[in-house]
Amino acid sequence: MRYASLSLDLDNQWAYMKTHGDAGWQSHPSYLDEVVPRILEFLAARRLTISFFIVGQDAAFEKNRPALRAIAAAGHEIGNHSFRHEPWLHLYTPAELDQELRQAEDAIEQACGVRPRGFRGPGFSLSENTLETLSRRGYDYDATVFPNLLNPLARAYLFSTSKLTAEEKEQRSALFGTWKDAFRPVRPFQWRLRSGELLEIPVTTLPGLKIPMHLSYLIYLGKFSRAAARSYFRLALGVCAASGTQPSILLHPLDFMGREDCPALAFFPGMDMARERKLAIVAELFDILAARFETITMGEHARRAGADRGRLRTLTPVFPS
Ligand SMILES: [Zn+2]
């Protein structure tokens, strides 16, 4: 059976503002109580169980707890998306990484009642130290690798819309991944580490061409032509099926929000669309996926890929310095 995993990085308004260098993120403005019920309703209507990667800082705030608890109560998998959501996580020392992951695990467990077994780095930030820390802390998988040839374009676009200083841009130079990430495998593989082996489930990009196929990218295409977004997604899933790739599809809260929901994030691609129009595109894309693939959580994807470890490629972590 063909299957596809679905995961949603629960990036909050403040996390986008922080990455973009916008003033006011320090008060941690949140849209979780509004968007989480909308997402849960959308998934429940389609009987989908997916993975949510949650930011520890959000879980630490009492105001976010009802929304986060509802995610776990609906049976979705809960993953760790770091505590402070800093896309320069790869610059942390091993001690800082250990503290960051532990703090997020504790806050997420307090809010949701479960301890995360999977991790995705903020802004796709990854380092050998992060992988070693995850392995030592007993994680089942990492899901940070994003083999996307358009990374530099996305980064340049974000920078062009921001007021970031040269120093802040340097700090964010690996945002959305590095050139090295673009050449990593699209299919699950294993990292060979000092502390053992760790399973990696990359965010799937079009096999061979490494062009994005996550929801935000498809919605952006849909802004210009819904037919083009549908055709490209069908084509991309067809290439996955033909190449034996079980795709892992990435979602974000902004995929379920329109311009009326968060004017502060109008700089983000697709956030100039009306909510209703965007949700109509998203619903079409989900129909296309559900017609071709069984949809599962990242944890289940990791379990199935890990059950056949002998067939997985094993890579040694090499990161640009
Ligand atoms: Zn994120």
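**Close-up 1. Strand E6 and its two partners.** Three bridges connect strand E6 to strand E10 (residues 313-315), and the two run parallel; strands are DSSP runs of E with at least two residues, helices are runs of H or I with at least four, and both are numbered from the N terminus. Two strands pair if DSSP finds at least two bridges between them. Across from Leu315 in E10 stands Trp191. E6 also pairs with strand E7 (residues 196-200), here in the antiparallel sense and over five bridges. A hairpin of two residues leads from E6 to E7, and Arg192 has Glu197 as its bridge partner in E7. Four of the five residues of E6 (residues 189-193) are buried, so the strand is largely enclosed by the rest of the structure; buried means under 20% relative accessible area, exposed over 50%, and partly exposed in between (1.4 Å probe, protein chains only).

A word on the model: it is predicted, so local features need pLDDT of at least 70 and side-chain atom pairs count only at pLDDT 80 or more, while totals for chains, interfaces and linings use all residues. Residues are numbered from 1 along each chain as its sequence is written, and side-chain values use heavy atoms, with hydrogens and water left out.

**Close-up 2. The zinc site.** Asp11 (OD), Asp11 (OD), His81 (NE2) and His85 (NE2) coordinate the zinc ion at 2.0 to 2.8 Å. Donors are N, O and S atoms within 2.8 Å of the metal (3.2 Å for Na, K and Ca); water is not among the atoms, so sites may look incomplete. Asp11 lies in the loop between strand E1 (3-9) and helix H1 (13-20), and His85 in the loop between strand E3 (77-80) and helix H5 (94-112), so the pair ties together parts that are 74 residues apart in sequence. Asp11 is buried at 7% relative accessibility, and His85 is buried at 6%.

**Close-up 3. Tyr217 with Tyr232.** These two rings form an edge-to-face aromatic pair, 6.2 Å centre to centre with 70° between the planes. Rings of Phe, Tyr and Trp (its six-membered ring) pair if their centres lie within 6.5 Å; planes under 30 degrees apart count as stacked, over 60 as edge-to-face and the rest as tilted. Tyr217 is partly exposed at 23% relative accessible area, whereas Tyr232 is buried at 14%.

**Close-up 4. Arg184 over Phe319.** The charged end of Arg184 sits over the ring of Phe319, 4.7 Å from its centre; this requires NZ of Lys or CZ of Arg within 6 Å of the ring centre and within 35 degrees of the ring normal.
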